[in-house]
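Student: I have a structure open and would like to talk it through. Could we go step by step?

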Amino acid sequence: MHPSMEEFSSEDSGVQDVGPQINGLVVQILKTTSVLLVRVRQKVLEIAILICVILLVFWVALFLYGSFYYSFMPTANFITPVLFFYRTDCPSPHHSMCSFPVANVSLLKNGKNQVMTYGQPYRITLELEMPESLANQELGMFLVKIAPYSKAGQIVDVSARSAMLHYRSSLLQALGTVVFSPMLLTGASEQKQSVSVELYSEFKDDSYKPTVGAVIEIHSQRIQIYRAHLFIFAHFTGIRYLLYHFPLISALIGVMSNFTFLSLIIALSFLQFNLGRRRLPVKTDMQQEEMNEPDDLNDQFESQNEGNAPENVDTMDCNSVEMEESIPDMGVEESDDSRELAEDEPICEAGDGEMILRHRHLSQDMLQSSQALTDTKDKNYYRVGCSGF
């Protein structure tokens, strides 16, 4: 059986009914996707801004900690070579040295900056590399003297310490020579001793006479020295001790503390800014309401006056109108002529065709809300008399 025309029409009508629904669904899907895309874009932008702010705050916190460490921490150690000199113009040919070995050491970093900080204790040590020669073994004890001086050349302090080589017997020296003979033959090792002389255990620089150098003198003319170095070590206590001996932990705590503090300041500033923006519309709305209150009161008074007015005012024929204005506050007195005229004019008595309308404008709300109404305290009385038919 072939389908009839009615079936075809019903199918066409069904397709036509489904078409608008599909179109509406597609439009709704497009709107939803566009809204989602906008929201996703906003979220991505907010996340990117947040990451940038976090990185900026982190770098600022790191810079602050580095600046604090550089300004607060003094020089931990300072090592400089000591070059001795002596006189050789001796009158006696039996002595090659005519004076004690003396060295002038500069205590300035790069020739400009001071090594020692005011109030910080330092340990100053002189290290001597001396050969195990017969002359040094027969030397015994010798004296090492140091005299720091200021920029003006004034001696700040003087310190002297004694030192000597460590004793080694002839048998021990022979056994050491046999055991280390390969290294001694190749030059990898030497028969020498390092003598460390502690000149100051806790030296504090004077702020009035800052130390810029020191004179070191060894009181012996027969001493033999390979080389010498002056070591200056800072003796840290308290926070400086923690910063120097635990640098990683101190850096982590310092950077995180700065980061937390800066983040708190930014968060409070952001909250205050948002609260200020929210309070501004509220204040404007309140001011608008206060400005609209007098207008509302005026509308109410006008509506009341219109309701009290009679409907047949226009249909009534007014034969005479009398208007009397009295202003008691201004103190105006009526003259005799005006009184006589008022007596001669007809006055409508109370009746069916008479209407007396009295309107008095006294409003305390209007006086409070408007300065112009508070300044004007006039009282107006109107009386209109109309005779009836």
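Student: What does the accessible surface of the protein come to?

Tutor: The accessible surface is about 29300 Å², and carbon and sulfur atoms account for 59% of that area. Please keep in mind that this is a predicted model.

Student: And what share of the residues counts as buried?

Tutor: The protein has 389 residues, of which 22% count as buried.

Student: How confident is the prediction, as an average pLDDT?

Tutor: The average pLDDT is 74, and 65% of the residues score at least 70. Residues 308-364 stay under 50, and the model has 52 contacts beyond four places in sequence for them. Residues 369-389 are also below 50 in pLDDT.

Student: What about helix α6, where S250 lies? Is S250 buried or exposed?

Tutor: Helix α6 spans residues 247-308. S250 has a relative accessibility of 13%, so S250 counts as buried, the cut-off being under 20%.

Student: What does S250 touch, leaving aside its neighbours within four places in sequence?

Tutor: With those neighbours set aside, S250 is in contact with Y65, L242 and L243.

Student: How many aromatic pairs does the whole structure have?

Tutor: A search of the whole structure finds six aromatic pairs. One of them joins Y200 and F203, with 4.9 Å from centre to centre and 55° between the planes, a tilted arrangement. Both Y200 and F203 are buried.

Student: Why is the pair F231 and F233 called stacked?

Tutor: The ring planes of F231 and F233 lie at 5°, so the pair is stacked, since planes under 30 degrees apart count as such. Their ring centres are 5.9 Å apart.

Student: Lastly, what share of contacts joins residues at least 24 apart?

Tutor: The share is 78%, taken among contacts between residues at least 6 apart in sequence.

Technical notes: Residues are numbered from 1 along each chain as its sequence is written. This is a predicted model: local features need pLDDT of at least 70, side-chain atom pairs count only at pLDDT 80 or more; totals for chains, interfaces and linings use all residues. Side-chain values use heavy atoms; hydrogens and water are left out. pLDDT is the predictor's confidence in each residue, from 0 to 100. Contact means heavy atoms within 4.5 Å. Rings of Phe, Tyr and Trp (its six-membered ring) pair if their centres lie within 6.5 Å; planes under 30 degrees apart count as stacked, over 60 as edge-to-face and the rest as tilted. Buried means under 20% relative accessible area, exposed over 50%, partly exposed in between (1.4 Å probe, protein chains only). Accessible areas come from the Shrake-Rupley method with a 1.4 Å probe; for residues, only the protein chains shown count as cover. Helices (H or I, at least four residues) and strands (E, at least two) are DSSP runs, numbered from the N terminus.
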